[in-house]
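Colleague: I am new to this structure. Could you take me through one part of it closely, step by step?

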Amino acid sequence: MLDTDDVKDAEALRRSAERYYRTLWRTDHSVVSAAFGLTRLLAARDDRRGAIEVLDQVPLTSRHYAEAQLTAVLMLLDDRPIADVTEADLRDAAQRVDHLAETEPRVPQIRALVLGTALDWLRSGATPTDDPFLGRPFDQRGLRVGIEETLRELARHSPRRRHRYALVDLAN
């Protein structure tokens, strides 16, 4: 309902919702839905950093911790022009992916996104530091190898033959 400006006083409703979500989240960190609600509102007004700060407050012990970290990675990299992405953003996203449990089924997908974004960033003419990136040299060859391995890992776990073949074709 707050996604539109057609509602009378939509901006007042958004501010009120943000205030309530923020109050609830500060009061009780076990109500993770308040963190995600607040994150949605902050992201809608283009406050990515504020939204990520809220996601970083989701406790490590919460069953929603991985979801919060995956969402933070998407907020860092997704739907942004490559010129707006910095090496610090890429390294922050990579660190978040590295700290997630390998049993989290979405890690390979997000790793592929991070590696692909880093490759696009390099191709745009950016120059990284010499430090490795997700266990690979931070150059085009290292990132391509990382993407290939990640796509093959995704293919191994894909339940559908057609999807598996498509992932292997991409890896090749």
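This is a predicted model: local features need pLDDT of at least 70, side-chain atom pairs count only at pLDDT 80 or more; totals for chains, interfaces and linings use all residues.

Modeller: Now look at who touches whom. H7 brings Glu148, Leu151, Arg152, Leu154 and Ala155. H8 meets them with Arg164, Leu167, Val168, Leu170 and Ala171. Sorted by class, this contact of H7 with H8 holds seven nonpolar residues, three charged ones and no polar ones.

H7 has another partner, H6. The axes of H6 and H7 are 9 Å apart, and the two helices pack at about 155°. That makes H6 roughly antiparallel to H7. Their crossing is left-handed. From H6, the contact takes in Pro108, Gln109, Arg111, Ala112, Leu115, Gly116, Ala118, Leu119, Leu122 and Arg123. From H7 come Gln140, Leu143, Arg144, Gly146, Ile147, Thr150, Glu153 and Leu154. The residues of this contact of H6 with H7 divide into nine nonpolar, five polar and four charged. Note Leu154 of H7: it is listed in the contact with H8 and in the contact with H6.

H7 gives the largest share, three residues. By class, the lining has five nonpolar, five polar and three charged residues.

One more helix pair is worth a look. It is H4 (residues 65–77) with H5 (residues 87–98). Their axes come within 9 Å and cross at roughly 160°. That makes H4 roughly antiparallel to H5. H4 passes H5 in a left-handed crossing. On the H4 side, the contact is made by Gln69, Ala72, Val73, Leu76 and Leu77. On the H5 side, Asp89, Leu90, Asp92, Ala93, Arg96 and Val97 make it. By class, this contact of H4 with H5 has seven nonpolar, one polar and three charged residues.

Technical notes:
Residues are numbered from 1 along each chain as its sequence is written. Side-chain values use heavy atoms; hydrogens and water are left out. Axes are lines fitted to C-alpha atoms, for helices over the stretch in contact, and angles run from 0 to 180 degrees between N-to-C directions. Helices (H or I, at least four residues) and strands (E, at least two) are DSSP runs, numbered from the N terminus. Angles under 35 degrees count as roughly parallel, over 145 as roughly antiparallel, 65 to 115 as roughly perpendicular and the rest as oblique. A crossing is left-handed if the near helix is turned anticlockwise from the far one by less than a right angle, and right-handed if clockwise. Contact means heavy atoms within 4.5 Å. Ala, Val, Leu, Ile, Met, Phe, Trp, Tyr, Cys and Pro count as nonpolar, Asp, Glu, Lys and Arg as charged, and the others, Gly among them, as polar.
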